[in-house]
Amino acid sequence: MRTVLRTKLSPLTLALALASVSLSAAAQQQDTNTESSVEQKKIMPALEVIRIVGDADPILLPQTGTVVVIDRQQIEQIQPLSTEDILRRIPGINATSEEETAIVSNFGMRGLSASESKSLVLEDGVPVAPGLFIGNDRYFNPRIQRIEQVEVLKGSASLRYGPSTIGGVVNYQTKTPDDGVTVTGRAGSFNMQEVSVEAGGKSASGDAFAGIVATHASSDGFMDKDYEMTDVMAKAGVIFSNEQKLGIKVSRYENDANISYRGLLLADYLAGADYNPAPDDYFLTDRTAFDINHEWTLSSQATLKTLLYWSEMSRDYWRYNVDTAASNEAGRWVYTDALTGNNRSFDRVGIETRLNVDHNLAGMAANSEFGLRFMQEEANDTRIRAERSSDRTGLNDRHRIDSADSVAAYAQSRIELNEQFAVTPGLRVESYEQTRVVLTSNNENAKTSNTEVLPGVGATYNLTDSAQLYGGVYRAFSPASNGVALDGLTDQQLDGERSTNYELGLRGKQGAINYEVAAFMMDFSNQVVTGNSDPNLSQSNAGKTEHRGMEFMLGYQLGGGFSIDTNATWVPTSEFKSGDNQGNRLPYAPKIIANLALNYQLEQLSAALTAHHRGEQYGDPANTEEIPQGAAGGIWGGLIPSYTVLDLTAQYNLADNIRLFGAVKNLTDKRYITGLRQGIYVGPERSFELGVSYSF
């Protein structure tokens with residue numbers, strides 16, 4: 001694997017060398033005139049995903065699409081166990097967690113199936129999915145304990161990012177530890193135990209800092225799906241001069257989870273069973289990542305930001321084979337002694353640079369941004385055939401190397417036509433080459449390439465000082481993965497999956513009310529589906545889909561410490577427009593998703609009663625109504641019923657440095673189905689949590 005990767009690094013070598021020269025140039029003597037009051041997060045440069053200007057709760061934004069920002073205070077109020085605990089409260093997002101900590105990422109946006117990945121996930125502006133072009137992009141999901149802020153961007157403003165931005169962009173902004181130490185402990189149902197430490201400090205002049213965020217968590221898990229997780233992230237930043245600053249982030253993540261693709265069979269689900277349906281299957285993951293951010297203020301009008309990133313991840317998935325006849329007779333999964341390890345490792349290296357310039361264009365104020373990204377990805381895919389007694393060792397009967405080299409460039413300008421009206425035209429180009437080598441078939445290989453040209457334009461119009469109209473249209477795409485594009489070691493001649501997206505919205509604030517409403521349409525011109533009649537092409541460019549709907553957000557200050565936050569997503573159309581499933585609704589795309597929170601804040605006490613409703617949804621493209629009763633093979637279909645779940649959370653600041661918090665999740669002990677795969681995934685039953693945070 002290393003040899004293959006090394007031979008492919010040459011296209012990136014020059015770019016990395018240029019980056020190192022830029023960073024070396026920045027390593028000059030520190031300017032002692034830097035003010036000591038500079039905060040760590042301002043020392044730490046980053047590629048901004050959502051730029052917030054003005055007030056903490058702004059209405060007038062430069063973004064031409066829907067924007068949602070969940071800050072740390074809101075995260076602490078929610079008391080999440082996973083990032084998807086946050087995402088399911090955001091309009092337009094349907095999360096279908098497979099277990100309570102969302103070890104793998106499962107969510108869809110605006111009617112796109114939650115079982116696919118057509119939305120880009122970033123951490124501090126860096127892609128975190130193991131393979132954007134080579135596939136398998138759900139296997140790493142950032143841990144919520146390291147997250148400072150969750151940012152969601154939809155609409156034409158997401159043209160700055162790629163690939164796979166058809167639904168939008170989710171960015172997890174990580175914590176930047178403050179001076180001192182904060183220790184947080186939490187315990188709860190299913191023997192859940194969690195300890196986190198945040199520690200940081202800065203220089204006397206305030207122009208340098210270093211810090212660490214570390215978490216260890218374990219649980220027996222709902223339905224005995226136990227896990228043991230360790231996550232460590234270290235950051236350091238320095239201001240070299242008034243013009244240049246540098247930030248470094250290193251992280252290490254390990255998680256051993258007793259989870260599987262298999263869920264309960266129907267009869268056991270209806271009987272209220274809560275055992276682990278695959279007690280000996282394990283999903284073992286680890287990831288190491290390294291980011292370097294450099295920011296260079298070229299002038300008062302121009303800034304150059306450069307980001308270099310590298311990550312290495314492994315995912316070993318050990319699953320026991322099933323005796324189907326015995327399973328049907330027993331009414332539950334019965335396993336043999338045959339064990340299969342689908343074990344994969346992923347490497348990624350990339351560099352991205354952005355030049356931002358304020359200037360005049362034909363007498364009008366303008367802000368332009370130019371970006372360039374180089375990235376290489378490689379996956380080492382093995383399949384180990386073993387036995388129960390062999391301790392996860394055996395014959396490697398399938399060994400593949402998947403790789404992809406990609407380059408992306410974009411340019412956009414925000415042009416202020418007058419004080420109220422601004423337009424933002426932009427263009428993005430993504431070009432990539434994919435390669436598959438099968439080592440267990442005499443190194444047979446295949447290669448394909450594709451280039452996507454993605455134009456877009458957005459606009460904002462300030463109706464008043466507290467109301468803004470926005471909208472846009474843009475082209476987005478999601479690449480076919482190596483396994484699809486090179487199926488059977490034959491170039492399937494597949495373009496990316498393309499969509500033309502439209503959005504029109506209004507956001508504003510009037511007295512105690514703040515609101516936002518947005519209408520959207522995604523015209524999906526090309527999905528990759530199976531069933532081509534040409535035996536040399538097992539995949540085809542086909543399967544048009546259309547998605548139309550609206551998102552609503554409303555907040556209201558009731559007085560007396562009470563407030564209401566609510567949002568709803570209505571997607572009446574999420575439909576296959578061609579192919580075998582023409583007229584059917586996409587799987588995992590409910591028509592209605594809604595959230596309601598009643599909040600209370602008085603001095604040191606805050607509390608919230610929240611309700612999350614998800615409408616019914618299909619589990620497969622064929623829109624099968626009945627959930628299978630036996631041990632059927634393949635991916636299950638069926639109509640998943642709607643449900644509503646209530647959570648109660650509270651926290652109390654006992655002192656300036658001591659915070660107590662607790663929660664009752666699924667307050668009414670609602671039993672519900674979160675998803676289907678090979679069996680029924682069950683939502684967590686009622687659980688209790690209690691924690692304390694102490695700073696010194």
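Me: Before we look at pairs, how do I read "buried" here?

Reply: Buried means under 20% relative accessible area, exposed means over 50%, and partly exposed is in between (1.4 Å probe, protein chains only). This is a predicted model, where local features need pLDDT of at least 70, side-chain atom pairs count only at pLDDT 80 or more, and totals for chains, interfaces and linings use all residues. Residues are numbered from 1 along each chain as its sequence is written, and side-chain values use heavy atoms, with hydrogens and water left out.

Me: How many salt bridges does the structure hold?

Reply: Side chains of opposite charge can pair when their charged atoms come close. The cut-off is a side-chain nitrogen of Lys or Arg within 4 Å of a carboxyl oxygen of Asp or Glu. By that test the structure holds 41 salt bridges.

Me: What does Lys-249 pair with?

Reply: With Asp-124, at 2.8 Å between the closest N and O atoms. Lys-249 sits in strand E12 and Asp-124 in the loop between strands E4 and E5, so the pair ties together parts 125 residues apart in sequence. Strands (E) are DSSP runs of at least two residues, numbered from the N terminus. Both Lys-249 and Asp-124 are buried.

Me: Is Glu-254 buried or partly exposed?

Reply: Partly exposed, at 37% relative accessible area. Its salt-bridge partner Arg-252, 3.0 Å away from N to O, is partly exposed too, at 34%.

Me: And where do Arg-373 and Glu-430 lie?

Reply: Arg-373 is in strand E16 and Glu-430 in strand E18, 57 residues apart. Their salt bridge has its closest N and O atoms 3.0 Å apart. Arg-373 is buried at 4%, and Glu-430 is buried at 0%.

Note on methods:
Helices (H or I, at least four residues) and strands (E, at least two) are DSSP runs, numbered from the N terminus.
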